[in-house]
Amino acid sequence: MPAMSCVRGVLPGSLIVLVAGACLSAPAEAQFGGLRRAVERRVEQKVDDKANVAMLVDPVFDATTVEITGERLDRYVAAMQRAKTQREGNRRRYEQLQEQSRALADSARLFTNEREESAYRSATSRWDECARDARKAAEDASEKRMQELMMRFQSNPAAMQNDPKVKEIVAAMQEMGAAQQRGDQAAAQRATERAMNLMGSSADTTVLNRGIRTKCGATPAKPASMVRAEAYNARSQAVQKESEGLLASTSPSGADVGGGMTNAQSRMMWERIASWLAGMRQDAAITRTFTRAEYDLLTSRRSDLRRAFSGSE
């Protein structure tokens, strides 16, 4: 039998709705009970909110924390809106650069030739080993010449003192000492190299490299495939680095807010408002370090603040 058949034709229309509750099934009654409990909880929450307001503790305003006034809040909300627009643009640009970086990396992989790269690295390893051997041989020969010079000096000091080459060495050493005393490092380096050249122990990189090239030949050239792959990889990394700089801080700078606000003050204001919004959104106890005027102001501007801070918390 239909649910309303027990009342139709028996009661006036104004009482049908009330009596219909008696004909409802048990699940419907449970729904009404849940709605009632939800309303009761909301009333309780309102009471808790009032208690929170009553328990507010005034913050200490200093060089970092400034009072949230209507004029400051207007400027801050406008700055947050600008920052939000900038973040949205940065996010789109970030995604574009990420895609570009991936495309460049894919191009690098297309040009990679493992066979040619392996051959190049093997040739480079052999050349490096040859260069090390040549450099050590040059150093050993230089050390031997210096030892021979010292032995000749020790065996006949008088004769060696009159030797023109020894005189040049002594002069170079004296010049090096004088340059060091007056702090002329460039002159000291030149005098040192001249003395070492005279003693057969050249520190000249050009001379050493010339000897290495004579023994080992030129350094192996990179294959064209490797050069191209490295170029694409370098561009991919550069684009990736550029994209990382787009994910900036969520709080506006003091200069963007204006009114003489510093970066530290702007950041602290962001943290205070964000904590207030988080408490309101989660029906949690609001951070109590607000004046009553600040709390009332934030409450009156809650909708504007939620829009401005959306995506930044």
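**Chat: pairs, cores and a helix**

User: Let's start with Phe 111. What is its relative accessible area?

Analyst: It is 28%, so Phe 111 is partly exposed. The scale: buried is under 20% relative accessible area, exposed is over 50%, and partly exposed is in between, using a 1.4 Å probe and protein chains only.

User: Before we go on, what kind of model is this?

Analyst: It is a predicted model; local features need pLDDT of at least 70, side-chain atom pairs count only at pLDDT 80 or more, and totals for chains, interfaces and linings use all residues. Residues are numbered from 1 along each chain as its sequence is written, and side-chain values use heavy atoms, leaving out hydrogens and water.

User: Back to rings. How many aromatic pairs are there?

Analyst: Three. The rule takes rings of Phe, Tyr and Trp (its six-membered ring) with centres within 6.5 Å; planes under 30 degrees apart are stacked, over 60 edge-to-face, the rest tilted. One of the pairs is Phe 111 with Tyr 232, stacked, at 5.5 Å centre to centre and 10° between the planes.

User: Which helices hold those two?

Analyst: Phe 111 is in helix 3 and Tyr 232 is in helix 9 (residues 224-244), so the pair ties together parts 121 residues apart in sequence. Helices here are DSSP runs of H or I, at least four residues, and strands are E runs of at least two, numbered from the N terminus. Tyr 232 is partly exposed too, at 24%.

User: What about Ser 101? What does it touch?

Analyst: Ser 101 is also in helix 3. Its relative accessible area is 7%, so Ser 101 is buried. It touches Ser 236, Val 239 and Gln 240, skipping residues up to four places away in sequence. Contact means heavy atoms within 4.5 Å.

User: New topic. Which residues touch the most other members of the largest nonpolar core?

Analyst: Leu 73, Tyr 76, Ile 273, Leu 305 and Phe 309, out of 24 residues. A nonpolar core is a set of buried Ala, Val, Leu, Ile, Met, Phe, Trp, Tyr and Cys residues joined through side-chain atoms within 4.5 Å.

User: Which helix gives the largest share?

Analyst: Helix 11, with seven residues. Helix 3 (70-111), helix 11 (263-281), helix 12 (292-300) and helix 13 (302-309) each supply at least two. Apart from this core lies another one of six residues, including Trp 127, Cys 130, Ala 134 and Cys 216.

User: Two cysteines there. What joins Cys 130 to Cys 216?

Analyst: A disulfide, S to S 2.0 Å. The cut-off is a pair of cysteine sulfur atoms within 2.5 Å. The whole structure has one disulfide. The link is left-handed, at -90° about the S-S bond. Cys 130 sits in helix 4 (residues 114-155) and Cys 216 in helix 8 (residues 205-216), 86 residues apart.

User: Are those two buried or exposed?

Analyst: Both Cys 130 and Cys 216 are buried.

User: Now helix 6. Which of its residues are buried?

Analyst: Val 166, Ile 169, Ala 172, Met 176 and Ala 179. They cover an arc of only 150° around the axis, which puts them on the same side of helix 6. That arc is taken from the directions from the helix axis to the C-beta atoms.

User: And what is exposed on the other side?

Analyst: Pro 164, Gln 174 and Gln 181 are exposed there. Just after helix 6, Gly 183 takes a positive phi of about 80°.
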